[in-house]
Amino acid sequence: MRVTIGILVIGVSVLVSGARLAGHHAFSSEYDENKVVTLKGTVTKIEWMNPHAKFFIDAMNQDNSVTNWEFELASPNSLTREGWDRHTLTVGDAITVSGFAAKSGRNMASTRSVTTADGKALFGGTQGIQ
Amino acid sequence: MNRVFLVAVSTLTVIIVAGTFAAQEGRGGGRGRGNAPRVALDGPVPRFPDGTVDLGGAWTGGGPVQDMEVQGRFKPGEIPLLPAARKLMESRTPEDDPHAYCMPMGVPRQAGNYPWRFVQYPTHKKATHIFVLWEGNIHSFRQIFMDAMHPADPDPTWFGHSVGKWEGDTLVIDTVGFNDKFWFDRRGHPHTEQLHTIERWTRKDLGHLDNQVTIDDPGAYSRPFTTTYTATLQPGEEIMEYICNENNDYGVAGGFR
């Protein structure tokens, strides 16, 4: 299933995550907590790996071009403790994902939340400080 | 008859102890919090048959993570940094943190975040060794030699050389022989190879384990200071494999020095 709707919202807000999971690198050095991206797209790849799991989505831009975005998650262990498993997302899933954009300007973000096509909300475990 | 009675009592005791252990530890294999048993964290301190405190269980929160000064309940500027150490700390940025390169977090930081557990050996008599198994970071272990002496000139290492003893129900761990590479916290509180730590671990009840740690490093601080953290039991939780270098953006190739 390809992306039918693509929305890119870059807003300014300060968001405080209720649960600080066992992430790894310094969140603040890589991501901008004031720059939130929310995208709809289709999962193209999942990396269930340490120290941070990742997934990639194809998201459609307003000009109908497609951009592949990388979304970083917490570690597989932290995600497992939050109820995820390595099958929670699969290639081809249509999802909505919100995260904090990379400071580098790459098409990359630290995941804040994921909503699956059937409306299930998943916490992504960002603000992965430590 | 007495023998039969003793066997019956012993069997019952084993069942009760095993049941209690199962209730504390859970049987979920650490796979998600949905399996966590309901455990009264203010329950009694578990003990081995000889009366020694059982430090078992998966713990988190026994050390600093972000900022030793804040988490150690100090006022800003109260930790007595020497000028050179202050300058070094101010030069540090989070991306330089050895932890970001999948290197160990040392003492006392490694007890701060990822789950870990004490393993006392043996348990049928006074332990000669206590091990700390760390989920992260790194996925490693530390060993404490009970009622032993430090070597005269230990090689500097990430976890140093640790000797332990019991003072009543408090496990006292004395460690020297650290290298100067790990940071005490994300903020970058430094230390030198002169670092000497004394940890006093006291299980207050089933679910809370105090770590009162004295940091003595005349190379970085003008006087010893003591800070306290409380680890919390994670009922039903187990430590899991965590190989940080697997796909690290910094990684071995990045070359931590």
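Two residues are in contact here if their C-beta atoms, placed from the backbone, lie within 7 Å. The model on screen is predicted.

Start with chain B as a whole. Chain B holds four helices and nine strands, and from the N terminus on the elements run α-β-α-α-β-β-β-β-β-β-β-β-α. Of the 257 residues in chain B, 37% are buried. Among its contacts between residues at least 6 apart in sequence, 59% join residues at least 24 apart.

Next, select Y242(B). This residue sits in the loop between β9 (225-233) and α4 (251-254) of chain B. Y242(B) counts as buried because 24 C-beta neighbours lie inside 10 Å. Leaving out residues up to four places away in sequence, Y242(B) touches N50(A), S75(A) and N77(A) in chain A, and Y114(B), E135(B), G136(B), N137(B) and H139(B) in chain B.

Now move to the largest nonpolar core, which has 27 residues. Select L55(B), W59(B), W116(B), W201(B) and A231(B), the residues with the most contacts inside this core. At least two residues of the core come from each of β2 (116-121), β3 (129-134), β6 (170-176) and β9 of chain B.

Stay on W116(B) and show its contacts. Beyond residues up to four places away in sequence, W116(B) touches W59(B), A111(B), V132(B), L133(B), W134(B), E135(B) and I239(B).

How values were computed
Residues numbered from 1 in each chain as written. Chains lettered and ligands numbered in written order. Predicted model: local features only at pLDDT ≥ 70, side-chain atom pairs only at ≥ 80, totals over all residues. Buried ≥ 20, exposed ≤ 12 C-beta atoms within 10 Å, placed from the backbone. Core = buried A, V, L, I, M, F, W, Y, C linked by C-beta atoms within 7 Å.
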